[in-house]
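Here are my notes for anyone opening this one for the first time. Have a look at the model, then read the points in order.

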Amino acid sequence: MSRPLYRGVSGIGGKPLAEAACYYDPKEPSENGIGGRGGARKRHLAAAAVRIGVLVLAAAALVGSVAWAGTLYAGRGAAARAAAAAAHRGYRRLQEQLVTDLLDIGELAGGGVRAKEAEVCPPEYENYVPCYYNVTDAVDVSDLGGGVVISYERQCTRDGRATCLVVPPRSYRIPVRWPSGKGFIWKDNVRISGQEFSSGSLFKRMMVEEDQISFPSDAHMADGVEDYAHQIAEMIGLRNEFNFNEVRTVLDIECGFGTFGAHLFERDLLTMCIANYEASGSQVQITLERGIPAMIGSFAKKQLPYPYLSFDMVHCAKCNIEWDKNDGIFLVEVNRLLRPGGYFVWTSNLNTHRALRDKENQKKWTAIRDFAEGLCWEMLSQQDETIVWKKTNKRDCYTSRKSGPELCGHDPESPYHQQLNPCISGTRSQRWIPIEHRTTWPSQARQNSTELDIHGVHSEVFADDTSSWDSMVRNYWSLLSPLIFSDHPKRPGDEDPQPPFNMLRNVLDMNAHFGGLNAALLKAGRSVWVMNVVPTNAPNYLPLIFDRGFIGVQHDWCEAFPSYPRTYDMVHADGLLSLEKSHKHRCSTLDIFLEVDRILRPEGWVIIRDTAPLIEAARSVVTQLRWDARILDLDIASDEKLLVCQKPFIRK
């Protein structure tokens, strides 16, 4: 049965709902990123006296209520005892509110000190992405001189973290709602320049108008992306592109602006776009602005932060990766990511008959073909510029090869910060299941007991988790509407929205567990996609998340997330504060929330579920970020609370 949410202690950190006091965690001020401020000694003594008085009053009230409830219970029948229990619960709610109000009065009477609000970053931080070389608006790359080498490799240090609020450009506008946002975006919301559009991915096609950018569906030359998808389906051996059968998750390397992924989404295929960090004209930033999954990622030195055997298809359309270099190690990484029987789709000018007349191109093509054979890939078809390979689903193929990479001896499933590995991984895994033998979408999201056993998850635990998240999502929708999930998300001056009235599209779950929030959102019919993040210091259920047909990534929340500013509509965290508290000597809560603020869109939402003390401490942190915040109780018996925050639209 659904556990009802009800409004409990409410506190605000921001301007529209201001005037509530901040609360500090006296045990670990540095852990929460909060530093006290000095004041007059008399003021502190007065405040302490008021707090002591409040605590005495609260204790007396609680003792009195217990005694009063006990007299009601004595000598009564079951019905009378139930009525007394209900009365006691109601009285307890009133007491909690009374204590909160008195604490607020105590803070005001004692001149309670608020944490200092974070400063706003300078304008050059508008598109700041930590861990990368960030070129500002004031700097032209060509002006740096030929001797300057700019590295776009991810290099994270704690000292490089921004301690200010990254605010949007002066002309930023709230993104267009899904699904309209798939077709056009506001030009000033992204950082673009003309030179990036002439080369690179096949799907870098768009029309730039006065204040918006539109993405025509006929992005693939004269044929259109629909014909391109139909061609791939035909090459794989499918009857039509409307039913890709066993294909569900797709990794699109240098995806252009997400046009291919947007098209596949209509076919129930979930596409993750990855591309290198770009100072301007970013594929990832524009793709996310359209509401298509994307993140910054590179094949250059390290493995991508996904488990092996996770994607049904890897797609590369003019993605500028030199597959013949470094002894084919980039193809080995593709092989690691592909499920048995998965497909590698490669579209390149190198594959045309005209290009292969050149001896250098012939040499490259021969090397790529030989590497593919050494990985036990079967070339299914070649049409025009496109080639489709199929990864073997038979493990014994690797023992019968004459040449090719060796099998990995040490085969870690967690690839976080791992260097590219020249050996073939995943062959010993229980997850080595051919895609044609897997449960198809959408049934695979539910996972049967046999599939769960692979991940060491009991079916009863999984069922309870699923039921709990179904209930929580229903409660989110009923309680928080119309603030977040309104049926009519119209701001003053807007025209009437078109169905399905989606206010949310890009959702990030900071501690995804089994992916239960993702599953519940889809079950409820919400047209969202979820970036399921598994913290590196949490149990690694990311393989299970991928096996359910979702997408996600491993990440250390003491580092910056590999995305551009203002790319998510909602960030959700269940138990993350408890997880971080259990690992001492790491980053502060303020550090984590500053990063959340960076990737969250203006007017975006944060929902944090955790124990009551940690939620109270977190509320005092978010006041520094100027978020509007409210604490809600989950139910009477639970020690957990919900912190619901909205990021304000800070204009310069």
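1. Start with the overall count: the chain has 14 helices and 17 strands. Helices (H or I, at least four residues) and strands (E, at least two) are DSSP runs, numbered from the N terminus. This is a predicted model, where local features need pLDDT of at least 70 and side-chain atom pairs count only at pLDDT 80 or more, while totals for chains, interfaces and linings use all residues. Residues are numbered from 1 along each chain as its sequence is written, and side-chain values use heavy atoms, leaving out hydrogens and water.

2. Next, what is covered. Of the 652 residues, 55% count as buried, meaning under 20% relative accessible area, with exposed over 50% and partly exposed in between (1.4 Å probe, protein chains only). Among contacts (heavy atoms within 4.5 Å) with a separation of 6 or more, 73% come from residues 24 or more positions apart.

3. Now take helix α7, residues 359–374. Its end C-alpha atoms are 23 Å apart, which agrees with the 22 Å that 16 residues should span at 1.5 Å a residue; the expected span is 1.5 Å times one less than the number of residues. Asn 361, Trp 365, Ile 368, Ala 372 and Gly 374 are buried in α7, and their cover includes α6, β8, β9 and β10.

4. After α7 comes Cys 376, with a positive phi near 65°. Cys 376 also forms a disulfide with Cys 397, S to S 2.1 Å (a disulfide is a pair of cysteine sulfur atoms within 2.5 Å). The torsion about that S-S bond is about -100°, so the disulfide is left-handed. Cys 376 counts as buried at 8% relative accessibility, whereas Cys 397, at 21%, counts as partly exposed.

5. By the disulfide rule the count comes to 6. One of them joins Cys 121 and Cys 164, with sulfur atoms 1.9 Å apart. Its S-S torsion is about 100°, so this disulfide is right-handed. Both cysteines sit in the loop between α2 and β1, 43 residues apart, and both Cys 121 and Cys 164 are buried.

6. Cys 558 and Cys 587 make another disulfide, sulfur atoms 2.0 Å apart. Cys 558 lies in the loop between β13 and β14 and Cys 587 in the loop between α12 and α13, so the pair ties together parts 29 residues apart in sequence.

7. Finally, which helix is mostly covered? Helix α14 (residues 612–622) has 9 of its 11 residues buried, and they pack against α12, α13, β15, β16 and β17.
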